[in-house]
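Subject: Structure handover

Hello,

I am passing this structure on to you. Please open it alongside this message and follow along.

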Amino acid sequence: MTDTALFTYCMRLADDSAILSQRLGEWCGHASHLEEDIALTNIALDLIGHARELYTYAGQIEGKGRDEDALCFHRVEREFNNLLLVEQPNDDFAYAIMRQFLFSAFMHPFWEAMMNSKDEQLAGLAAKAEKEATYHLRHSAEWVIRLGDGTEESHNRINNALEFLWMYTGEMFECDEVVSSLVAKEVAIDPMSIKHLWDETVNTVLVRANLERPTESWMQTGGRKGEHSEHLGHILSPMQYLQRSFPQAQW
Amino acid sequence: MAVAAKILRSELDQKAWDAVCDVPDPEVPVLTIEDLGVLRDVHVRADGSVEVTITPTYTGCPAMSMFAFDIEAALLSAGFERVDVKTVLTPAWTTDWLTEKAREKLRVYGIAPPNGKASRRALFGEEQVRCPKCNSANTSRISEFGSTACKALYRCNDCSEPFDYFKCI
C-alpha cells in the first residue's frame, strides 16, 4: 500500500507542477511587458524542474520502467491528478497572478514542512523548491497588491479573478487515504497543518490589496480523482503532441 | 573554502577533478563549476571510469545538461574513457557556497554578486544591491527574475547602468 500511496502522492505533486508550468508557459511572448514575460517563464521553469524530479522519482517507485517523459506525455486526461486550480485558464493577467498567488501561498509552507519528511528524496527536493517558491510567492503577492490597490479597472479584474478562483482553493486542503497513510509515516504533509499559514499570507496580502476575502462556501473538487474541468484536455493536447506523434523522441 | 566539496581520495581523483573543475557556466562564463559549488565530487572507480557528482543551482536549471556534456568532453580529452555524471539535490545548493574570489569575478564581469547570507524572506521588502559599475547603493529593482533562473534585474539610479544581480538563495 505504501509504495502505491507514495507513487500517487508524487504523481499528484508532479502533475500540479507540470500543468501550472504549461499554463505559465503560455505567457511566453504574450505578457504585459518583457520583464513580466521573463518572470512568468522563470517560474514555469522552476516548476518544470520540480515536475521532472517528481515524475522521475515516481517512475522509480513504480518500477515499471516509465520515465519522466512517459509519465508526463503518455497519460490521458483522466489519469492526471492535478488540482483544478492550476488548470484554470489565463483569461487575463489578473487570473494568472491570482492563481499563482493562491497556489504559492500554499506551496511555500508546504515545501518548508516537507524538508522534514522522512522520505529523503522528497525532503531533498523540498529544500530546493522552498527557496524557489519564496520568489514565486513574493512576485505574485506584489502583483496582487499592485493590481488590487491600483486603478478601478485593475482592482475589478483582480477581484473577479479572486472570486472566480476561490472555489478551487478547498482542494489544496483535502486529505484522503493516500495522504493520511503517508502523514502517519511522516512522509507527507497534512495540508490542514499549514492551513493557518496559508490563511495568514492570504489575509495579509488581500488587506494590503484592498480586496475582500470571499466568504467560505462550496468548494470544487475532483482533480485528485482525475475528474477535471474541460480545460485540461486543451492543455494536454499541445503539451503532449510531440511525444504522441514521435514516441520516445529525445531532445 | 566555503564550498563543501568532499575530500578527494587519490591522485587519480585529483587528476580527474583538475580536468573538470574549470568547466565554465554556459550562462555566466566567468564562473567555473568549482567556483559555483555545482561540482560536488569526482571519483575514479577501479575500472577506470569516472563518476562526477554535480548539483543544480535551481531545480529547473537548463544548464545542467550542458554541464554534463562539457564535463564528459573534458574528461575524455584528459584521457579518461568512461564518464558518468550524476545529479544530486542534497545538500541544496546555496549562494553561500560562492567564494570571495567568485564574487569578485562576478562583479568585474558586471553582475552584482549575491548579498551576504541566504535568508528566508517570503513576503515584502527589497534587498539593497550595489551597482557593479559605480558601486552606488542607490539602485532599484526592475524584476526579481532575469535572463537566467539565478539572476534578477536591477538599475543603478546614479550611473543609469542596468545590471544583473546574482540572487541570494
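This is a predicted model: local features need pLDDT of at least 70, side-chain atom pairs count only at pLDDT 80 or more; totals for chains, interfaces and linings use all residues.

Helix 9 of chain A

Start with helix 9 of chain A, residues 195-208. The helix has 14 residues. From its first C-alpha to its last it reaches 20 Å, close to the 20 Å expected at 1.5 Å a residue.

Which residues of helix 9 of chain A are buried? They are A:W198, A:T201, A:V202, A:V205 and A:L206. These five cover an arc of only 120 degrees around the axis, so they sit on the same side of helix 9 of chain A. The spacing fits a general rule. An α-helix has 3.6 residues a turn, so residues three or four places apart point the same way.

The other side of helix 9 of chain A looks outward: A:H196, A:D199 and A:N203 are exposed there. What covers the buried residues includes helix 5 (93-114) and helix 6 (120-148) of chain A. After helix 9 of chain A comes A:N210, with a positive phi near 60 degrees.

Chain B

Now turn to chain B. Chain B has four helices and seven strands. Along the sequence, their pattern is α-α-β-β-α-β-α-β-β-β-β. Of the 169 residues in chain B, 38% are buried. Take the contacts in chain B with a separation of 6 or more: 52% of them are between residues 24 or more positions apart.

A hairpin is worth a look. Strand 1 (residues 39-44) and strand 2 (residues 50-54) of chain B run antiparallel, joined by five bridges. B:V42 stands opposite B:V52 in strand 2 of chain B. Five residues lie between the two strands of this hairpin, where B:G48 takes a positive phi near 90 degrees.

The core

How many residues does the largest nonpolar core have? The number is 122. Those with the most contacts inside this core are A:Y9, A:C10, A:A14, A:I97, A:M98, A:V144 and B:V20. Helix 5 of chain A gives the largest share, 15 residues. Chain B contributes as well: the core draws at least three residues from each of domain 1 (11-93) and domain 2 (96-166) of chain B.

Leaving aside neighbours within four places in sequence, A:M98 is in contact with A:V144, A:I158, A:A161, A:L162 and A:L165.

Best wishes

Notes
Residues are numbered from 1 along each chain as its sequence is written. Chains are lettered from A and ligands numbered from 1 in the order in which they are written. The expected span of a helix is 1.5 Å times one less than its number of residues. A residue is buried if 20 or more other C-beta atoms lie within 10 Å of its own, exposed if 12 or fewer, and partly exposed in between; C-beta atoms are placed from the backbone. The arc is that of the directions from the helix axis to the C-beta atoms. Two residues are in contact if their C-beta atoms, placed from the backbone, lie within 7 Å. Two strands pair if DSSP finds at least two bridges between them. A nonpolar core is a set of buried Ala, Val, Leu, Ile, Met, Phe, Trp, Tyr and Cys residues joined through C-beta atoms within 7 Å. Domain bounds come from an automatic or database domain assignment.
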